[in-house]
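Reader: Please show me the structure, and then help me to read it step by step.

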Number of protein chains: 2
Amino acid sequence: MATAKRVKAAPTIYDVAGRAGVSIASVSRVLNDQGSPRADTRTRVLQAVQELGFVPDGAARALSNKLKKVVGVVFRRGAEVRFADEDESLLFIDVINRGIEVAAQQRGFDVLMSSVGVNEANVPARIAAIAGKTDGMILHDRMLSAAAIARLAETVPVVTLAGKPNRASVNVGCDNEGGMRVLVRHLLVDHGYGSLAYLSGHADSPDNMARARGFEAETRALGVEAITGPIWQGNYSAGGGAKVIGSVLDGGGVLPRVIVCANDQTALGVMYALSRRGIKVPGEVAVTGFDDVPVARHLHPPLTTVRQPIQEMGATAFDILYSRIGASAGARHVVLPIELIVRESCGCTESSGVFAGTGIA
Amino acid sequence: MATAKRVKAAPTIYDVAGRAGVSIASVSRVLNDQGSPRADTRTRVLQAVQELGFVPDGAARALSNKLKKVVGVVFRRGAEVRFADEDESLLFIDVINRGIEVAAQQRGFDVLMSSVGVNEANVPARIAAIAGKTDGMILHDRMLSAAAIARLAETVPVVTLAGKPNRASVNVGCDNEGGMRVLVRHLLVDHGYGSLAYLSGHADSPDNMARARGFEAETRALGVEAITGPIWQGNYSAGGGAKVIGSVLDGGGVLPRVIVCANDQTALGVMYALSRRGIKVPGEVAVTGFDDVPVARHLHPPLTTVRQPIQEMGATAFDILYSRIGASAGARHVVLPIELIVRESCGCTESSGVFAGTGIA
DNA sequence: GGCCAGTCTGTAAGCGCTTACCGGTAAGCG
DNA sequence: CGCTTACCGGTAAGCGCTTACAGACTGGCC
């Protein structure tokens with residue numbers, strides 16, 4: 001790899017020391033507020049720093065300190081192609097990442113973001129390489145097997161989002177099961193619907209499994225017909241949701257009164273497929289989501305869903321990781337509360353408006 | 001700062017060398033495909049690496065190589081508060097960042113993301129600190145003054161997005177002026193509207209200035225009344241757009257036939273404010289945006305806008321930065337083409353549907 | 001069999017920074 | 001006035017890695 005040909009090589013601490021007429025140790029001390037340098041020394045160092053535009057090298061600092069002040073975040077990228085049509089799934093992950101980033105900021109950490117293609121080879125190796133550049137890692141849903149996580153955790157502290165609790169790592173998630181139960185109760189008790197289907201997400205996603213569990217438990221508890229099964233298997237994407245509707249209808253099947261989707265994105269695809277066929281939402285079929293992604297309130301009708309404190313999940317993940325970077329204490333599993341957001345797609349009309357909660361005047 | 005208390009300290013290259021019975025130089029060579037180690041040596045090293053779960057330390061590597069394989073990206077965060085209500089402006093920036101990240105990946109680089117609060121103190125210092133952890137920086141709109149950018153560029157290569165071209169850095173943007181002219185021409189020629197206002201973005205944003213320029217040039221060229229001025233000053237946000245509508249109407253003013261917004265987000269706020277007052281879009285007032293953020297197609301009516309190749313802008317920014325990290329060649333200014341996206345908010349009805357371009361089956 | 005060329009491997013220096021340790025100076029005290 | 005004490009500042013080691021350089025060994029050839 002060719003060395004960068006900068007006009008003038010970046011100044012080092014030696015240059016600063018030379019210019020200020022002090023030792024490198026003094027420069028370091030001034031820069032880090034260590035010891036108690038004489039006022040005179042201090043100003044001369046500061047001035048030299050200023051004049052040279054000196055910025056300490058992060059790598060050298062990290063090597064010496066054994067602390068890089070960087071955490072890594074890894075998530076899945078939709079497609080391998082470079083310019084796949086914009087992926088709405090951006091939303092959920094990006095909001096979490098924003099939460100991580102803001103929390104990291106407050107501790108003087110930066111965030112190394114890395115996506116992994118769906119069919120990329122040797123993901124564990126890629127992730128290990130990233131781990132080498134960081135002090136700790138946050139993994140999104142379904143990035144690594146439990147065994148691989150355990151192995152990674154021997155190198156750096158690891159926090160997973162929407163994973164399974166693991167003896168080696170901490171997991172941050174929200175109360176998927178409880179959220180789903182509240183939602184189902186609203187549909188059954190407040191609306192009195194008689195049949196509902198669960199359009200699932202990835203079968204191997206812990207979040208999906210928990211939501212499915214909540215769905216089944218609550219329908220059973222209220223004695224209402226719960227429709228599930230392989231036909232109702234989606235994949236968290238809008239396309240997946242639309243495809244399921246197509247299969248059901250083309251197969252001559254009949255739609256239930258309510259379709260409970262594993263996430264907002266799936267609901268978006270379902271609503272699209274329904275409107276294409278002239279089926280009214282919520283008049284003929286009610287639809288609900290899960291997540292409360294920002295776009296949910298702009299759909300027509302606005303989507304009834306379960307709000308996860310998305311950004312806070314990210315922030316919490318960082319906070320926990322941070323505490324584990326300093327020591328190895330802390331909980332194994334953190335569960336954040338959810339909130340039912342009733343809009344119109346469930347059949348309610350009391351929505352406070354399309355823009356409820358946007359903060360627009 | 002307390003040192004991390006890991007159960008077992010991460011293995012170093014010495015541990016690997018010891019276990020494999022070779023020197024650290026051999027380990028390094030095997031790991032980097034340098035020289036031609038004997039097959040025997042190679043396998044022993046690889047095995048030791050495997051057994052120890054060794055991952056080379058990025059900081060040490062960077063220090064030795066003078067190459068961190070990390071680029072920094074800095075952008076504005078909406079509010080200082082930790083959990084401001086989700087910010088839709090996420091979208092535009094995040095899509096660009098995704099483009100950067102994917103392109104970086106292909107070169108084995110990772111991306112250090114860092115947001116800066118709107119009213120954060122001493123931004124240049126924060127950015128300089130980040131620069132110390134990277135090989136190059138990409139700055140989003142309005143992050144630093146031209147002078148500050150020049151200073152930063154003495155430390156690392158810098159690429160700006162939507163900034164002004166600068167002798168020290170390269171700028172990547174799209175043809176704002178041309179895009180606006182195409183849009184205005186559509187509104188005036190195809191629809192024959194008689195009056196239109198430009199609801200601007202941040203006054204000091206180069207992108208906004210270019211769009212305003214295109215707007216004025218084209219309306220003048222076609223001899224139609226162009227409404228601008230302080231009342232029509234927005235700030236790229238939905239709230240800003242809504243507020244402008246409020247001011248105009250409350251001030252007893254009359255709305256023009258068309259409101260051309262500086263970006264999609266502003267258009268979203270405008271459409272909201274209009275619908276609140278019972279004003280029909282596009283029947284009474286047509287509205288247009290700029291950017292073609294994913295949510296634009298889900299609005300009611302779907303938003304007519306100008307598409308920027310958002311993700312590609314990010315990728316291009318990285319590619320240019322990458323080439324400058326190796327050498328100091330390259331163009332000063334890159335302009336990407338735009339595309340007019342006609343949906344319904346301008347008054348057209350030929351939209352191919354709410355989900356046009358989503359890739360949903 | 002002795003020597004040379006050609007391979008591979010090991011030793012050690014150095015990347016830029018932090019910090020333990022020690023020496024020098026000045027102030028405080030008897 | 002001499003000694004202790006405190007305080008600063010400098011020297012040097014070391015963080016984990018890459019790589020120039022030199023040494024060791026192999027085989028081939030005369």
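Author: We may start with the surface near DNA strand D, where α2 (24–32) and α4 (58–65) of chain A and α2 (24–32) and α4 (58–65) of chain B each supply at least two residues. Helices (H or I, at least four residues) and strands (E, at least two) are DSSP runs, numbered from the N terminus. This is a predicted model, in which local features need pLDDT of at least 70 and side-chain atom pairs count only at pLDDT 80 or more, while totals for chains, interfaces and linings use all residues. Residues are numbered from 1 along each chain as its sequence is written, and chains are lettered from A and ligands numbered from 1 in the order in which they are written.

Reader: Which element gives the largest share of the surface near DNA strand D?

Author: A residue is near a strand if its C-beta atom, placed from the backbone, lies within 6 Å of it. For DNA strand D, 27 residues meet this description, and Ala25(A), Ile13(B), Ala25(B), Ser28(B) and Ala60(B) are the closest. The largest share, six residues, comes from α2(B).

Reader: Which element gives the most to the surface near DNA strand C?

Author: Around DNA strand C there are 28 residues, of which Ile13(A), Ala25(A), Ser28(A), Ala25(B) and Thr41(B) come nearest. Two or more residues are given by each of α2 and α4 of chain A and α2 and α4 of chain B. With six residues, the element that gives the most is α2(A).

Reader: Why do the buried residues of α3(A) line one face of the helix?

Author: A residue is buried if 20 or more other C-beta atoms lie within 10 Å of its own, exposed if 12 or fewer, and partly exposed in between, with C-beta atoms placed from the backbone. The buried residues of α3(A) are Arg44(A), Val45(A), Ala48(A) and Val49(A). Seen down the axis of α3(A), they line one face because the directions from the helix axis to their C-beta atoms fall within an arc of 135 degrees.

Reader: Is Asp292(A) buried or exposed?

Author: Asp292(A) lies in the loop between β9 and β10 (305–307) of chain A, and it has a positive phi of about 60 degrees although it is not a glycine. Since 27 other C-beta atoms lie within 10 Å, Asp292(A) is buried.

Reader: How does Lys66(B) count, with its C-beta neighbours inside 10 Å?

Author: Lys66(B), in the loop between α4 and β1 (70–77) of chain B, also is not a glycine and has a positive phi of about 60 degrees. With 14 C-beta neighbours inside 10 Å, Lys66(B) counts as partly exposed.

Reader: Where in chain A does pLDDT stay under 50?

Author: The predictor's confidence in each residue, from 0 to 100, is its pLDDT, and chain A averages 88, with 90% of the residues scoring at least 70. Where pLDDT is low, the predicted coordinates should not be read in detail. In chain A, pLDDT stays under 50 over residues 79–86 and over residues 351–361.

Methods:
Two residues are in contact if their C-beta atoms, placed from the backbone, lie within 7 Å.
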